[in-house]
Amino acid sequence: MEATSVQPDPTPGSEAATAAPEQALRELNQVALRTVARARHHARIRIAGGTPAHPAHTSRSQGGPGRPTAGPFAYDGAETAPPSDVAVLPGLPSWMPAVLGVLRGSSTLLRPERAPDGTVRDFIVVGANHFELSGVERGSYDFLGKRLSETRPGIRTSGMYDVYFAALDSGGPVSSDTIDYIDIIEGVLQRARLRGTVTLLPDEGLLLTNWEPVGEARLSRRIQERGRMGWAEWDLVTGRMRWSLGMRELLGLAAPPPEGVPPEGRDELEGAARSVTSAKDIGADLFTVGRMVDPADMPAFVDDMRVLLAGGEVPDRELTIHVGEEARRVRWLAHAQPEGAEVPESLLFAARNVTGQEEQLSRALSETERLRQEAAAEHRVSETFRRALTPPLGVLTPQWLSVSAAYVPSESGVGGDWYKCRELPGGRVLLAVGDASGHGVDAAHRAVQQRSALAGLAYMDEDAAELTMALGEVVYYGGLDTTATCVVGHLHPDSRIFRWASAGHPAPVLVRDGVPRLLEAEHGLMLGVTPHTAYPLNATQLQSGDLLLCYTDGVIERRGMDLDEGARALLAAARKCAARGRSAEAATDCLVSSLLSEEAEDDATVLALYLS
């Protein structure tokens with residue numbers, strides 16, 4: 001029976017929030033256990049009820065008659081015995097066991113199983129090495145002669161069959177994007193993020209597969225040390241917690257096994273089964289982290305964790321933690337994945353040590369609050385923005401400055417668009433718009449990571465070009481082999497100069513005296529192409545009455561329309577919208593109604609800034 005749905009407590013005065021810290025943690029742990037149980041229950045249902053993406057498949061090469069799959073498991077036709085951790089059915093060429101023995105990942109030889117009409121309906125395992133896709137070690141002989149859908153049922157729902165069919169069609173090697181593989185092994189849910197290559201052996205009519213784990217998302221030490229920041233992911237399906245080095249240092253957790261330790265030695269150190277997936281790395285549980293939280297911050301921390309476990313988002317929080325004898329002030333945010341799901345599968349966290357900056361931030365917040373009270377109308381508009389937008393936009397101190405943003409998803413759902421606007425302690429206003437490559441939940445996941453990374457990096461005293469370079473390192477060293485584009489800039493209120501950098505992103509539009517134009521500037525490479533890429537810093541002088549528009553390519557890309565035509569349509573709409581109203585909110589509302597629709601192929605974002 002499915003566990004009862006866990007809803008976030010709507011009031012700060014909930015029983016968990018007002019209880020003693022240890023009791024509050026115990027109650028929160030019960031909520032977490034129920035959420036983990038529900039996440040695993042949903043994963044089991046998805047695996048058990050999954051159907052192949054293609055019920056039947058006809059390849060270009062039909063191959064010869066199938067070889068026998070009965071008889072003893074024996075190696076045939078070689079002068080030497082195969083490796084002890086490799087098993088093959090009799091009758092295969094002598095070189096195949098040697099290939100399986102040297103491949104580093106989880107590798108199999110698969111024979112397509114065909115229906116009477118020639119379509120491929122499944123695959124028979126005729127050879128395998130000992131590396132398992134999941135975190136549980138199984139002997140290579142356990143798979144031989146069996147259908148792939150029987151030995152690894154989660155493969156059908158993971159998208160791996162699409163890669164196999166693509167290899168049959170192409171006749172050559174096919175590499176996959178990152179695949180989220182979830183399976184039930186010996187009654188236990190296992191999960192791994194994998195990338196692989198599948199090769200057709202045309203003479204034998206077999207597929208050779210090789211799957212390896214995607215490395216944990218990691219940032220360079222330079223970024224984490226300078227930014228005093230870190231990341232973590234709580235996988236609710238497997239119960240594992242993954243910590244970046246920066247997060248370990250922030251929380252004072254033990255370091256992971258040394259990078260130089262080979263896989264075999266690492267298994268001995270951590271007592272984990274030999275597997276293609278990373279060794280278990282729990283590091284700390286909910287109680288370990290919760291007991292670091294200052295008792296005064298415990299009620300808010302418990303309420304925020306309840307929101308996350310119910311599938312929500314914590315946009316920006318501060319709390320005090322105690323690491324040994326040291327008290328650290330931490331700013332953190334978190335997001336549940338998949339976004340909008342009834343039951344989350346994982347929780348993503350980003351945190352930064354802001355100890356020492358609290359007094360400066362307090363002065364800035366006090367000044368902001370004083371000016372907000374003097375400008376009641378601007379305060380009401382800003383509060384409306386904060387309620388209506390996701391993520392919420394911060395309140396800006398300058399009374400002559402208004403900001404607004406709009407996000408329109410594509411017809412297929414969410415994508416990789418993100419935006420950021422925040423007033424920094426020194427008075428500068430951070431403006432950023434970005435687009436992570438791809439579509440769907442994976443792209444949205446990467447967008448959250450990039451936006452979260454910039455939120456932490458923004459507090460370093462760096463210019464926009466250096467922030468863009470640091471964000472590029474985040475994308476490059478993320479281990480996901482993806483790219484992104486962005487515009488990152490700072491508006492300096494005293495001089496009203498907008499200093500910005502572009503990483504392969506469309507140039508902003510400036511509307512002055514009713515005339516729109518694309519800003520001319522130097523652009524750099526997309527994020528993630530190479531490490532340590534330097535970006536030119538552009539400077540644009542703004543003045544009263546200016547409207548600045550930052551946007552993603554979904555605003556100018558349309559079916560049957562090239563980018564130049566889309567850019568002309570944007571300029572025409574900007575001219576019309578600037579004439580209709582003198583505020584950022586009026587401009588974004590007008591642009592959305594003029595240019596964007598629910599039938600768009602790509603999601604679209606507009607971030608507008610108006611100087612009165």
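Two strands count as paired if DSSP finds at least two bridges between them. Strands (E, at least two residues) and helices (H or I, at least four residues) are DSSP runs, numbered from the N terminus. This is a predicted model, in which local features need pLDDT of at least 70 and side-chain atom pairs count only at pLDDT 80 or more, while totals for chains, interfaces and linings use all residues. Residues are numbered from 1 along each chain as its sequence is written, and side-chain values use heavy atoms, with hydrogens and water left out.

**Entry 1: the sheet around β8.** I looked up the residue across from W234 and found L347 in β12. On to the other neighbour: strand β8 (residues 229–235) pairs with β9 in the antiparallel sense over three bridges. There, A232 stands opposite W243 in β9, and the bridge partner of E233 is R242. The hairpin of β8 and β9 has five residues between the strands, and G239 in this hairpin takes a positive phi near 85°.

I then noted the whole sheet. It is open, with five strands in the order β9-β8-β12-β11-β10 and antiparallel pairing. Both β9 (241–243) and β10 stand at the edges with a single partner strand each, so one side of each has no neighbour in the sheet. From one strand to the next the twist averages 25°.

**Entry 2: salt bridges.** I used this rule: a side-chain nitrogen of Lys or Arg within 4 Å of a carboxyl oxygen of Asp or Glu. The count by this rule is 14 salt bridges. I followed one of them, between D297 and R329, with the closest N and O atoms 3.4 Å apart. This pair links distant parts of the chain, 32 residues apart: D297 is in the loop between α10 (286–290) and α11 (298–309), and R329 is in strand β11 (residues 326–337). D297 is buried at a relative accessible area of 17%, and R329 also counts as buried, at 17%.

R329 has a salt bridge with E318 as well (3.2 Å, N to O). E318 lies in strand β10 (residues 313–323) and R329 in strand β11, so this pair ties together parts that are eleven residues apart in sequence. E318 is partly exposed, with a relative accessible area of 26%.

E318 in turn forms a salt bridge with R331, where the closest N and O atoms are 2.6 Å apart. This pair also runs from strand β10 to strand β11, with E318 and R331 13 residues apart. R331 counts as buried at 17% relative accessibility. Which residues belong to the network? Salt bridges that share partners join D297, D316, E318, R329, R331 and R422 into one network.

**Entry 3: helix α11.** The twelve residues of α11 reach 16 Å from the first C-alpha to the last, close to the 16 Å expected. The helix is mostly covered, with nine of its twelve residues buried. Among the buried ones are M298, F301, V302, M305, L308 and L309. Just after α11, G311 takes a positive phi of about 95°.

**Entry 4: a second sheet.** I found another open sheet of five strands, in the order β14-β15-β16-β17-β20, with antiparallel pairing. Its edges are β14 (415–423) and β20, each with a single partner strand, so one side of each is left without a neighbour in the sheet. Here the twist averages 15° from one strand to the next. Within this sheet, strand β15 (residues 429–439) runs antiparallel to strand β16 (residues 484–492), joined by eight bridges. V433 stands opposite V487 in β16.

How values were computed:
Buried < 20%, exposed > 50% of the residue type's maximum accessible area, 1.4 Å probe, protein only. Axes fitted to C-alpha atoms, helices over the stretch in contact; angles between N-to-C directions. Expected span 1.5 Å × (residues − 1).
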